[in-house]
Protein chains: 6
Amino acid sequence: MNHNVFIGCDKEYKDAGIVLFGAPFDGTASFRPGARFAPQAMRLCSDGIETYSPYQNKDLSDISVCDIGDLEFPFGEPQAVLDIIEQKTAAIVSDEKLPVMIGGEHLVSLGAVRALAQKYSGLHVIHLDAHADLRNEYLGQKLSHATVMRRIWDILGDGRIFQYGIRSGDREEILWGRHHVHTRMFNCGDIEHAVKKTQDMPVYLSIDLDVLDSSVLPGTGTPEAGGIGFAELVEAIKKISPLHIVGADLNELSPHYDPSGASTMAACKALRELLVAVG
Amino acid sequence: MNHNVFIGCDKEYKDAGIVLFGAPFDGTASFRPGARFAPQAMRLCSDGIETYSPYQNKDLSDISVCDIGDLEFPFGEPQAVLDIIEQKTAAIVSDEKLPVMIGGEHLVSLGAVRALAQKYSGLHVIHLDAHADLRNEYLGQKLSHATVMRRIWDILGDGRIFQYGIRSGDREEILWGRHHVHTRMFNCGDIEHAVKKTQDMPVYLSIDLDVLDSSVLPGTGTPEAGGIGFAELVEAIKKISPLHIVGADLNELSPHYDPSGASTMAACKALRELLVAVG
Amino acid sequence: MNHNVFIGCDKEYKDAGIVLFGAPFDGTASFRPGARFAPQAMRLCSDGIETYSPYQNKDLSDISVCDIGDLEFPFGEPQAVLDIIEQKTAAIVSDEKLPVMIGGEHLVSLGAVRALAQKYSGLHVIHLDAHADLRNEYLGQKLSHATVMRRIWDILGDGRIFQYGIRSGDREEILWGRHHVHTRMFNCGDIEHAVKKTQDMPVYLSIDLDVLDSSVLPGTGTPEAGGIGFAELVEAIKKISPLHIVGADLNELSPHYDPSGASTMAACKALRELLVAVG
Amino acid sequence: MNHNVFIGCDKEYKDAGIVLFGAPFDGTASFRPGARFAPQAMRLCSDGIETYSPYQNKDLSDISVCDIGDLEFPFGEPQAVLDIIEQKTAAIVSDEKLPVMIGGEHLVSLGAVRALAQKYSGLHVIHLDAHADLRNEYLGQKLSHATVMRRIWDILGDGRIFQYGIRSGDREEILWGRHHVHTRMFNCGDIEHAVKKTQDMPVYLSIDLDVLDSSVLPGTGTPEAGGIGFAELVEAIKKISPLHIVGADLNELSPHYDPSGASTMAACKALRELLVAVG
Amino acid sequence: MNHNVFIGCDKEYKDAGIVLFGAPFDGTASFRPGARFAPQAMRLCSDGIETYSPYQNKDLSDISVCDIGDLEFPFGEPQAVLDIIEQKTAAIVSDEKLPVMIGGEHLVSLGAVRALAQKYSGLHVIHLDAHADLRNEYLGQKLSHATVMRRIWDILGDGRIFQYGIRSGDREEILWGRHHVHTRMFNCGDIEHAVKKTQDMPVYLSIDLDVLDSSVLPGTGTPEAGGIGFAELVEAIKKISPLHIVGADLNELSPHYDPSGASTMAACKALRELLVAVG
Amino acid sequence: MNHNVFIGCDKEYKDAGIVLFGAPFDGTASFRPGARFAPQAMRLCSDGIETYSPYQNKDLSDISVCDIGDLEFPFGEPQAVLDIIEQKTAAIVSDEKLPVMIGGEHLVSLGAVRALAQKYSGLHVIHLDAHADLRNEYLGQKLSHATVMRRIWDILGDGRIFQYGIRSGDREEILWGRHHVHTRMFNCGDIEHAVKKTQDMPVYLSIDLDVLDSSVLPGTGTPEAGGIGFAELVEAIKKISPLHIVGADLNELSPHYDPSGASTMAACKALRELLVAVG
């Protein structure tokens, strides 16, 4: 067992179609930090899952993934962190490989989207989350886990973001969202809508794991009751899988908050499903 | 941030329509004590939720709530504790405000009902819980978390109590209940029945948080699998909200038993929904 | 309260129709050991549940169960452990009583099945689990929690094993299973099929508690998201209950992994339902 | 292994010189309840220690102890609980056996002292604790873990109580103590003084486990840093052992607060040392 | 009980001699964040300690402390955080009150020292810590918990910093320290040296709680074995107390890492000792 | 950061003087398993310590260590596990490198000693532990964590084993030990005796981490109060360091039992001290 890579992701970089990397940053976490520990915890616990997905009847060994480990970040400098993520994403894309990132807090998605929006002019984002993340500022900051989708909107503009599972936000951002993004509250009910609208478009998939009900994934910074179950998440991933996905991330696991380890295990299975779906 | 009040409940007493208070008592807990810690834990964690309810499209800032803190109790004297709760409830009602109480164990509801039954002769109770709480005695005690609804029946009589989500009790109390209260086992399926029957009546709403499935709220004295999900709880609250609610409580969170904090977060969201529903 | 027996299981051996015993073995656990602690943890926590099942309207006091405590095992010797279980099961059966075993890891089922297959030539097995457990070898071992159903197949042959809730396995064992056992993936949807096929046959019921969603039972060696809820498990047990059940077990609770205690409580309720179903 | 008795304490009552019993009461705990779980947790964990004490070169098998299990108490009635303890203690003494009690909170000592003071007119108490417990009232109560030594003084009077390890109290009780009891602050430095003063007298030994440093025993209601180490506790017990001890208790372990289990293990070893010292 | 202030620190600001405030910042924590939760956790747990110090025979009620709550910080901006601390400290000093700060991570000390060094030209610092914190840069940052004493040296220069209890650092910083600060490795053995050298000088006292052995205070970002006990810390505080102390802080408690709560309790007692020592 | 090796142990095998490897086996653990997780947990947490030892003024970078990762074991086969350890140790020795092993349970030491005793005829063992481990059989097994030193004695004979810190065992093994090994009870008081007796001899050093007081290292299978502090352990290692050490191990950390992580941190520091001592 090689504990340094996610299970089944031990291909050589040159041979890999997908490059997996960790972005262990949680510097703007306002409530409970700890997402920085997610990538390593997931690699270590991935021994407990299988490489085979019975949901999609595919195996991680069928695709070629290279887990290159964690990026190294300066502490307390969100902009510098985003730059590092943007550069790494750009490099992976330039090597004609698909970048998949393990957060860290949700802000890390902004770095990846910056790089991909450079490359793909028609980039769309499908966003699964409990929180709208559409504030313009949060606690005086423009760069925050709570503003990340607004910053991505700054880049992509109206009609490019499709949100699912949202069940928390302030009134203002929820209202703002109605005019600028597509938001499905509470669940992934009409994910087919996003699939239809983004067909033939380059798509970035960003999964904030707190989209899951807090019973399924208590190990996150802001657990939110009333979310979707694991089966519903897998169902959504399967429906998205035929799209032209050009990058993806899974974020906001905070493993220390769930001493049972069930959250980390669920995150590992979600990542496996994500990888075989985009691979 | 004022950690001493529940989020958004910082109105002056004189201006408030709703008065929120804690009843940190768990003296008759026979299995696992700890509900005494609930009110302060909820105030502290309430920073992690929003004041806005996307379920009811209302914000705590739309109503006026004054969180007056915790009552102070002598230890080991259930009757004295109930007297204090009764007096405080009566005082709030006499000031023409709506009392909302955070338990503590479920016995605290009896104090509030005593005060409200004085004021409102036709008082009805809607009771969400995993446990019937209809024993006449429990471990030799007349006053207990396991007898609280029987004591309330002593005051209100037949046909005034509507129970939902019940899935635990001894055979005798379940059978007794069939003749004296309305009980919906396992879920809130026919909550419309209670709504219809109590229309135009003064209603007290008592939510024992263990009505939720133990996956959603493991942090309680006696977690019970097989309960309702968070969405179903919110749905029930919404259906009850048009009634003439004259008091309410939320009880039996025992925060230390859930180190993930997800139970306390779920309780905070449930309280927000309760407040905007009755406000 | 007698903490040394499971609640309501305090009949004398000679008067008992069901004999309950613990098999505290977890020696082949490859990921996270700890199932050895399950039987004692369940006895201790069983004070927190009722003897009455509202699901089946039966009470443990209606049937006669004798909890004889835990078997004693040598450490690190799977074959010797299985022999002890086989002998004890045979002795119980020879006393014309029904054996119900609390694991321990899933391998313990093999010991019980060996004894029962001796006695009942047409033995069938109904198996609820997240994992197929159909590997021929695991980490070089023939006797393992991950091979237990294959070893049982060695005894019973094709068409005798009915699996429900399976959602994890390697590709090979899942494929192998299609030709040799009946497998319902993900849930207990068609449990009626097994009921119909095993009617009039002697049936052994083996419940690996990780068939439950990891939110309901995080306290297990390999928690698996995407499983069934508690109500679905009870429903399956009820449907199985009319069969001619000649033995049963409940295994893979690992209580230390869930500090909330909700997993152990759920396991206790599942055991109560199992007992009143087979009693 | 018989998990229902403390290791090595499985003699028949009629043959026993020492009778061990649990007093699982924590009803006046003002800060953190949970001492009710101590007796059962200690019995269960006692499998992890040896019966042999290398400190005193004696084995539990050298003395004859009968663990009769836990007393059963009504909840929320301190006086009734004390009556039950007093009666049981009196019965054990009347059978010419030595009572040793596992708390529960510290108030339980009062019940035992009441019985013993009836029998032994010159009773003295040696008291190891972090807290003076000399308040006349606490939160309006006369009967409380924080007043227990004052209530014992009500019975025994000046000069009969010797306190060690005290490092917490309000100013008033500490000053009061100077005139009525012997108090050694912070450690057990001059335990010889108590030994000398109580020679030839009947002595009751009461050990509140929070006398230990909070690093050694964090699993207690009010952990106090700055206490003694385990070796110093054993040393004190050894020095007390030649006295005419007529009863003893060990109290205030609250096992759930220490998930590592080290507190419960330390309490088990302390009980073994206490038993072989008085046996 | 007012849970919003540290016990006994409820004087009005205008009447207070000491102003206590929280600095809930942990943005440069490189290993395990969470010190942000310390001030609120300490206020909540302070109910469990007494206001009276038996070590110094003084009571918090003898001095006048106003706990003004937590400063509010932008996330992810160390420099802005330091500015806020510096301004608040300057304001308190300008009101002729003594500032005492609860961290947060250790970097917060720099803000306070900046303000005090403006006012007191001869400022000295006594520093209790497991880590030297003398690096010039850490992970590319000048402002970090690991560089804080070097930044303070930038302001104060050689011979003004006295370190105690240091047992961790890289070789370079330890060597650098030999020429620029006074460092006592491992313990507080010669604290009299610092007392003598700083007599008649204005002194800032900074206590990183990880100076305590990791057994006493496991709830910190980087627990270090081999540290001092609680009694030794109190002894050091008592020896420092006659000095002309113009400000102080206590930092690096990370309460969530110690589920037993013993770390937070120890921190509360240390703060009480610090307050009565400087009051 | 390379999380796959212990900090500072990233030399190439061919260049290394010391080879570090993990032996993640806990198959004979009779009380609480979990030592299998120690090597990976230590590698992951080693980021939190420094490579520099202020105790010995040496840095891991001064010596050359290659961490080759964990051996792979079959489950449930102690003899096969020991064979694998013996072969790997022999291979390392044959490459003229010094083997240092991270357990796993204590039985793993036997594999290493078997290999080293082949090579060094005059091999002596210095053994730091809470438990004597001198039983001839334990629960019917000859190969067990509780018999490991007896099995080593089978190989080495009288006068070759020096035990320190022992404070737990059954009476028989303690008495047996008096005639066959040198045992210092409770602490490392006369470690100079072992140093003197083994001078010029090849020495194997085996540190069972439960030699530390359970306050310092609660995260172990059988935590034992009354042990040595961390400083005393380092002192012992320093005194042993001039000897001709030919192999060493550190075992019995069980990281999951200490959620604070302080046990794992202490184990990492102990390993650093061990490595710079023998390097």
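**Reading an interface between two copies**

Only 9% of the interface residues of chain B are also interface residues in chain A, so the copies meet through different surfaces. This is a predicted model.

Q: What does chain A average in pLDDT?
A: Chain A averages a pLDDT of 95, and 99% of the residues score at least 70. The model scores ipTM 0.94 and pTM 0.93.

Q: By what turn can chain B be laid on chain A?
A: Start with the idea. Two copies of a chain are related by a rotation about an axis and a shift along it. Here the turn is 120°, the shift along the axis is 0.0 Å, and the RMSD is 0.0 Å. That is the relation of a three-fold axis.

Q: Which residue of chain B comes closest to the rotation axis?
A: Ser215(B) does, with its C-alpha at 3.0 Å.

Q: How many Å² do chain B and chain A bury between them?
A: The size of an interface is often given as the accessible area lost when the parts come together. For chain B and chain A it is about 1,800 Å², with 58% of it on carbon and sulfur atoms. Glu50(B), Tyr52(B) and Ser260(B) supply 30% of the area that chain B buries against chain A, more than any other three residues.

Q: How many salt bridges are there between chain B and chain A?
A: The count is three. One side-chain salt bridge joins Arg171(A) and Asp62(B), at 2.8 Å from N to O.

Q: Which helix of chain B gives the most to the side that touches chain A?
A: Helix 8 of chain B does, with four residues. By class, that side of chain B has ten nonpolar, six polar and six charged residues.

Technical notes
Residues are numbered from 1 along each chain as its sequence is written. Chains are lettered from A and ligands numbered from 1 in the order in which they are written. This is a predicted model: local features need pLDDT of at least 70, side-chain atom pairs count only at pLDDT 80 or more; totals for chains, interfaces and linings use all residues. Side-chain values use heavy atoms; hydrogens and water are left out. pLDDT is the predictor's confidence in each residue, from 0 to 100. Copies are superposed by least squares on the C-alpha atoms of residues with pLDDT of at least 70 in both. Contact means heavy atoms within 4.5 Å. Buried area is the accessible area (1.4 Å probe) that two parts lose on being put together, summed over both. A salt bridge is a side-chain nitrogen of Lys or Arg within 4 Å of a carboxyl oxygen of Asp or Glu. Helices (H or I, at least four residues) and strands (E, at least two) are DSSP runs, numbered from the N terminus. Ala, Val, Leu, Ile, Met, Phe, Trp, Tyr, Cys and Pro count as nonpolar, Asp, Glu, Lys and Arg as charged, and the others, Gly among them, as polar.
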